[in-house]
Amino acid sequence: MRESLAITADQHLDTWDELRRDFVLWRAYGSAGRHLVRLLPPALLVFPPIGLLAVAAFFVVLDPSSTAIVNESYDLIGPPGTPLLVWSAAVLVVSVAGQALVLPATVLLAAARLAGRHVSTSDAMRAAARRLPATSMLVLRGAIVVAAILVAGYVLIVGLDEQVAGYLVMVVLLLLAMPCLLGVAVVVLEDPAGARIRTDRPADPVGSLGRTNWPMGPVDPFVGTDRPVGPLGRAYRLATGATWGSALTLAFGVVFFPALITQVVNGVASGTPLLRAGAVTVVTLVLVPFQAMVIARLFLHRLAAKDRIAAFDAVIDGLPASAPRPTRPVPLLAGLLLAGLLLPGLLYGAVLVNPRGLLEVSETIMNVSRAGDPGVETVTEGTRSKPSIDWPDLRALYAGQDGRMVMLMDGSAQAKLLTCADSACTRGRLTWAEPEAAAGEYPATGARLADGRIAVTSWAIDEMYVSVWDENWTARLGLRLCDAKACVTAAGGEPLAEATEATKSRVLALAARPGGGLALAQLRAIPLWKEDDGFTEVLSITTCDDPSCARRRTKEVARLPGNEETEIMRELVAGVGPDDRPVVLGVDRHTGSMVVISCDDPACARTRTERPLKDESPYFDRDRRARAAMAIRADGRPLIVYRDVTDGAIKLLDCRDHACAQAGTATLTEPGERHSMPALALSRDGRAYVAYQDVDRAQVVIATCTGTRCARTPVARIRQGGDHGLAMALDGRDRPVLSWVDFAGEDDLPTGDEWSLVVTAPLTLR
């Protein structure tokens, strides 16, 4: 019997000496790596079954109207329904309960490994289950502490606008809260059997262990006191004397390094959803033993460092005694591999099969700043500076040559083209569309030619007459033709139009003709001395027989009542039907009135002017500025979608004749809500796609319309802020592709340059 006690004392002494050594974090990770197979079972027994139940329930409760398969993964694109919220709460509660069982059990196994003892998985799980109420209370208190810290940081950052102070306070308080994790070891190791430590146990271990060379120390403060101390209090008492060292060890070993490893694995495997999900699942399970070993070793290290002999003795002797069993790494590793394949495989298989018929979406988020984007290749010529884009630049989206998608970007500088190799737009190529001498402050307009090239207009001003107040001021309109490689000035070099100081309006619209030519609509002011009967603006149409507009004819087709701010408040939209007859839509953004000028023949020898929408608003509201888009159907009838200036609703005009003298109307959104300007595209089978941003619900929506019957489908989630630009085109498979700007607004951000250009392609929209 004495020999047995002497062996036990030697083991205690060796453990004591080992655990007093510094560099706890690295020694803990090393021990976890050596004993990984024995520490894995609790996580493998609990987490995979929870995951399977959660996945099975998810397929039952998911709502097809608010859930989509985005980039081959499930994503929420609308407000979650009550069943999904209940599922989320249930999964959270069950997961926390599982963690409250797994982590203490693994801490117990880790402490046994450090002490050279064998504790079976079943004994560790039973001990953790008996302490589950105490552990749950510990988790609840920890959650309250973290929530209070986050609230304090939020008040400083948002309420008081103290960015640096807010983040600094949160970091310091979170570090000071780290010793709470030692409470897990206190709960499961101080009293694993559920009984209190004996308060009458002598501090001198000589009699109990039969050795005289045991290091002496003061009486343990947890013993011999009548005042009860909870797990958190005992955890902080242990950390006393090395509070910051203990906090940093727990912060890095339990939180930071595991999170960093998970993110690295997630990033490395990001190209393959199945591999990424499986790798993250395996890493999450494997990291639990490392986290538990850090907690267990630090707990025992602090007992040894503070010479708490009685408590250390009680912990070691209180470990459940189990008969040694041989290590079987093959079944455990097979279980780990199965867990890493089963859950992701189930999810990925469901994505491929899509049994609920969810919308499938391809989405690329290009995190662009004013300095440019690393995913966008910038191309320039000669010594010209490289082009860059900013959040207000998006003007239009076209289906270019060879399946490419091309965005016209035009802000304060000269216009640019952002060309994507396909509709996913994972990488782009940014080139100048206008020459360096172009007047960058004057907007460009574009059109897709029949061969896939993009035609872009460009204004140039005589250098000697730069000021618009000079009576000799003249601006000349040129044309650029752009393919996948570069943009060149159209042959001939003659200006398409001119604007003078007296007629300085540069409101344009460009449309491609089916035979390969172009139609250009221009609105200009009539000089005051030439005004007649209240008409102050003249609309002309230039028809070109070839893409370079070398052969063209210009005809004045209508005189219109003017607007005091023609260039700001007037908008033109041009279209040419399969019958080669041009149609021009004019919109007054102030009043919301519309005028449709249609040509009875390709040369516009005879025209008709109709007003499908009269003046609606006597006042100007910037948030309800009227905007419109138009498309021409196969029979030549226009289809118009617009944002109503009176109530902000998106509405559709289904014109019943070529001149839109009569039209059916459909209201696509609720009046009074906030929506972006709409975009419109027509498929080859006659369906109309109307895209807009629902700002109030933070969604990008596509309405699919046949006539005035429309079905709305959310296709993307607005993460920052809406109504900052949206364009749409159809790809080679006649599917809509959207490009839009996700930007919270300059007033809401510290620097004002954090925004994203998003390309969204619904793959299964019906």
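Here are some questions and answers about this predicted model.

Me: Happy to start with a helix: how far apart are the end C-alpha atoms of helix H5?
Reply: Helix H5 covers residues 82-115, which makes 34 residues. At 1.5 Å a residue, H5 should span 50 Å, and the model agrees with that expectation. The end C-alpha atoms of H5 are apart by 49 Å.

Me: And which residue just after H5 takes a positive phi?
Reply: H5 runs over residues 82-115, and the backbone just after H5 has a phi of about 75°. The residue with that positive phi is glycine 116.

Me: Let's turn to sulfur: how many disulfides does a search of the whole structure find?
Reply: With bonded cysteines counted along the chain, the disulfides follow the pattern 1-2, 3-4, 5-6, 7-8, 9-10, 11-12. One of them joins cysteine 655 to cysteine 660. The search of the whole structure gives a number of disulfides of 6.

Me: Is the disulfide of cysteine 599 and cysteine 604 right-handed or left-handed?
Reply: The sulfur atoms of cysteine 599 and cysteine 604 are 1.9 Å apart, and a disulfide needs them within 2.5 Å. The torsion about their S-S bond is about 80°, so the disulfide is right-handed.

Me: Are cysteine 599 and cysteine 604 buried or exposed?
Reply: Buried means under 20% relative accessible area. Cysteine 599 has 0%, and cysteine 604 has 1%. Because both values fall under that cut-off, cysteine 599 and cysteine 604 are buried.

Me: What about the link of cysteine 655 and cysteine 660: right-handed or left-handed?
Reply: Here the S to S distance is 2.0 Å. Cysteine 655 is buried at 0% relative accessibility, and cysteine 660 is buried at 1%. The torsion about the S-S bond is -70°, and the link is left-handed.

Me: Good, now cysteine 710: what is its relative accessible area?
Reply: Cysteine 710 forms a disulfide with cysteine 705, their sulfur atoms 2.1 Å apart, and this link is right-handed with 115° about the S-S bond. Cysteine 705 counts as buried at 1% relative accessibility. Cysteine 710, by contrast, is partly exposed, with a relative accessible area of 29%.

Me: Moving on to rings, is the aromatic pair of phenylalanine 256 and phenylalanine 257 stacked, tilted or edge-to-face?
Reply: A search of the whole structure finds 11 aromatic pairs. In the pair of phenylalanine 256 and phenylalanine 257, the rings lie 5.7 Å centre to centre, with 55° between the planes. Planes under 30 degrees apart count as stacked and over 60 as edge-to-face, so the rest are tilted. This pair is tilted.

Me: Which residues do ring pairs link into a cluster with Phe256 and Phe257?
Reply: Phe256 and Phe257 form an aromatic pair, and ring pairs link both of them into a cluster.

Me: One last one: in which helix is valine 268 found?
Reply: Valine 268 is one of the residues that make the nonpolar patch. Valine 268 is exposed, with a relative accessible area of 70%. The helix in which valine 268 is found covers residues 243-268 and is H12.

Definitions and conventions. Residues numbered from 1 in each chain as written. Predicted model: local features only at pLDDT ≥ 70, side-chain atom pairs only at ≥ 80, totals over all residues. Heavy atoms only, no water. Helix = DSSP H or I, 4+ residues; strand = E, 2+ residues; numbered from the N terminus. Expected span 1.5 Å × (residues − 1). Buried < 20%, exposed > 50% of the residue type's maximum accessible area, 1.4 Å probe, protein only. Phe/Tyr/Trp six-rings, centres within 6.5 Å; stacked < 30°, edge-to-face > 60°. Patch = residues over 30% accessible without salt bridge, like charges linked within 9 Å, V, L, I, M, F, W, Y side chains within 5 Å. Areas by Shrake-Rupley, 256 points an atom, 1.4 Å probe, with all protein chains shown as cover. Salt bridge = Lys/Arg side-chain N within 4 Å of Asp/Glu carboxyl O.
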